[in-house]
Amino acid sequence: MLGTWFDDGLFERMERMRREMNQLMGAFRPFVGGGVFPAINIYDNGEAYIAQAELPGVDPREVDVTVTGNTLNVKGKREIQPAGDKAAYLRRERAAGEFNRAFKLPEAVDSGKVQAIFRNGILQVMMPRAEQAQARKVSIKAE
Amino acid sequence: MSDKKSLEVSKKKSISTGGGEPIHQDVRFVPDCDVLENDEAIILVADLPGVRPENLDVDVREGVLTLTAKVDPLPEQWRPVYEEYDIGGYQRSFTLGEKIDVQKISARLKNGVLTLTLPKQEMHRTRKIEVQT
C-alpha cells in the first residue's frame, strides 16, 4: 500500500534525484581531480555564498581554507586522539586521515572579505560576492 | 609512500524505524561511534557535528544508554544552492553490561565530538595480582 512506498524511501530517492539534477545543471562544480572529503553544502543568503562542511573532532588549526577568484579550497587532516591509556578498541567507526577539496563557485567572491568559522565541529566559510557581481541599482539621470 | 590515508565521504546512516515512527521528527541519523575499553572504564566516542551541549541528552534506563542530539536549523534566509549532505539530529542506543557504574558516567562535548566515560564498578576492574615467590 502507500505505506510501503514510503518505507522504501521513495521520497529520499526522489530528493536525491532532484539534487543530482540540480548539481548536473547547476553552476556549482566540485573540482575534478580534487578529493571528495568533506561533503560540502553551499547556501546563498543574498549577499554571500556560505559553504558548510561537517568536520567533527578536527582541530581548526589543522584546517586551511583558501579562496582564489571563484575557487574555494579546504584542506587539512583529521586525527583521532587516543582516548585514555591502554584502551583497546571494541568498535571502530570513526575515520582519520587527510583531506583536500576544491570547489568552483559560479561567480567571483571578494576573497578579502571571506570569513571562516569553526563551531561545534562544523566549518562555515562565508564568502561575500565580489562587488561587481552584486546587483546594483543604477540610477537614471533625467536630462 | 605516505602513511596518511585520504578520508572518504561516507553517507550518513539514517535511523531505521523498523516499521515504527521515530519519536522526534528532527532526529534522523545514527552517529559514527568508537567504543574503547581499558581497565577502569568503557569509553564511547561519538561524532555529533553541529550539536551544542545544551541540545544533547544522554539517558540511561534499564541498562540501555541512549544519546539523543538535536541540531539547530539553518537561518531562514539561507537558500540551499548545492547540497551534498543532509542535516538532522542524531540518536543511538547501546546496551550496557552490569559492570558499569551508572552513577559515575561523565560526558564531554568538544568540536562536535562526544566522549562518554563509563566507569566500571570497582569489583569488575582488572587488578594485577602480584605473585609472591
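This is a predicted model: local features need pLDDT of at least 70, side-chain atom pairs count only at pLDDT 80 or more; totals for chains, interfaces and linings use all residues.
Let me start with the place where strand 6 of chain A, residues 88-91, meets strand 3 of chain B: the two run antiparallel and are joined by three bridges, where strands are DSSP runs of E of at least two residues and helices DSSP runs of H or I of at least four residues, both numbered from the N terminus, and where two strands count as paired if DSSP finds at least two bridges between them. Within this pairing, Tyr89(A) has Leu36(B) in strand 3 of chain B as its bridge partner.

Residues are numbered from 1 along each chain as its sequence is written, and chains are lettered from A and ligands numbered from 1 in the order in which they are written.

The pairing I began with belongs to an open sheet of five strands, in the order 6(A)-3(B)-4(B)-10(B)-9(B), with antiparallel pairing. Strand 6 of chain A and strand 9 of chain B, residues 106-110, stand at the edges with a single partner strand each, so one side of each has no neighbour in the sheet. On average, neighbouring strands here are turned by 20° against each other, direction ignored, the axes being lines fitted to C-alpha atoms, for helices over the stretch in contact, and angles running from 0 to 180 degrees between N-to-C directions.

Moving along the sheet within chain B, strand 4 and strand 10 of chain B pair in the antiparallel sense over seven bridges, and strand 9 of chain B is joined to strand 10 of chain B, also antiparallel, by five. Leu114(B) in strand 10 is the bridge partner of Ala46(B) and also of Leu109(B), while Lys110(B) is partnered by Val113(B). In the hairpin of strands 9 and 10 of chain B, which has two residues between the strands, Asn111(B) takes a positive phi near 50°.

How many residues does each chain give to the contact? Chain B gives 35 residues and chain A gives 42, with two residues in contact if their C-beta atoms, placed from the backbone, lie within 7 Å. On the side of chain B that touches chain A, the largest share, five residues, comes from strand 3 of chain B.

Finally, as background on chain A, this chain has two helices and nine strands, and from the N terminus on, its elements run α-α-β-β-β-β-β-β-β-β-β.
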